[in-house]
Amino acid sequence: MDLQNGTYSIQGIPVLDIVKHYQTPLYVYDSSIIKRQIDRLKNAFHVPDLGIHFACKALNNINILSLMKQWGVGLDTVSIQEIWTGLEAGFKPSEIIFTPNSVGPDEVEMAIKIGVQINIDHI
């Protein structure tokens, strides 16, 4: 969001115009900023085949996840529902890491059947 001449805008569109059109409450994400931050992270490390995985629990908006997929970001999930969301957003199982915390064996078994990578923190 930018402030110019006392008016907040997102990608050049005044925020008040967006609110008048869509009403409130309203969440607006600026994909150019998200992409810029991903690029900054990728450029911060000189590592061949750097893998970046976004924590799905931070934001599970399927449209944003789909953009991240297009930009080469993987997904870190903590529940089977987040895995399903990632698959719906277009991620392949190999692009999803499942890092469960205190889930039952049935959820781990589902993740195994789906074929995602699994981090086990304790048995």
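This is a predicted model: local features need pLDDT of at least 70, side-chain atom pairs count only at pLDDT 80 or more; totals for chains, interfaces and linings use all residues.
Residues are numbered from 1 along each chain as its sequence is written, and side-chain values use heavy atoms, with hydrogens and water left out.

**Exercise 1.** Find the order of the open sheet that four strands form, and name its edge strands.

*Solution.* Begin with the terms: strands (E, at least two residues) and helices (H or I, at least four residues) are DSSP runs numbered from the N terminus, and two strands pair if DSSP finds at least two bridges between them. The four strands then follow the order β4-β5-β6-β7, with parallel pairing. At the edges stand β4 (53-55) and β7 (117-118), each of which pairs on one side only.

**Exercise 2.** Describe the open sheet of three strands in the same way.

*Solution.* Its order is β1-β2-β3, and the pairing is antiparallel. The edge strands, each pairing on one side only, are β1 (2-4) and β3 (13-14). Between β1 and strand β2 (residues 7-10) there are three bridges in the antiparallel sense, and the bridge partner of L3 in β2 is Y8.

**Exercise 3.** Work out which residues of helix α4 (residues 80-88) are buried, and where they lie around its axis.

*Solution.* Buried means under 20% relative accessible area, exposed over 50%, and partly exposed in between, with a 1.4 Å probe and protein chains only. By this rule I80, E82, I83 and G86 are the buried residues of α4. They lie on the same side of α4, because they cover an arc of only 155° around the axis, the arc being that of the directions from the helix axis to the C-beta atoms. These buried residues pack against β5, β6 and α5, where contact means heavy atoms within 4.5 Å. Just after α4, G90 takes a positive phi of about 105°.

**Exercise 4.** Locate S102 and decide whether S102 is buried or exposed.

*Solution.* S102 sits in the loop between β6 (96-98) and α5 (105-114). With a relative accessible area of 62%, S102 is exposed. In sequence S102 and V78 are 24 residues apart, and in space they are 9.8 Å apart, C-alpha to C-alpha.
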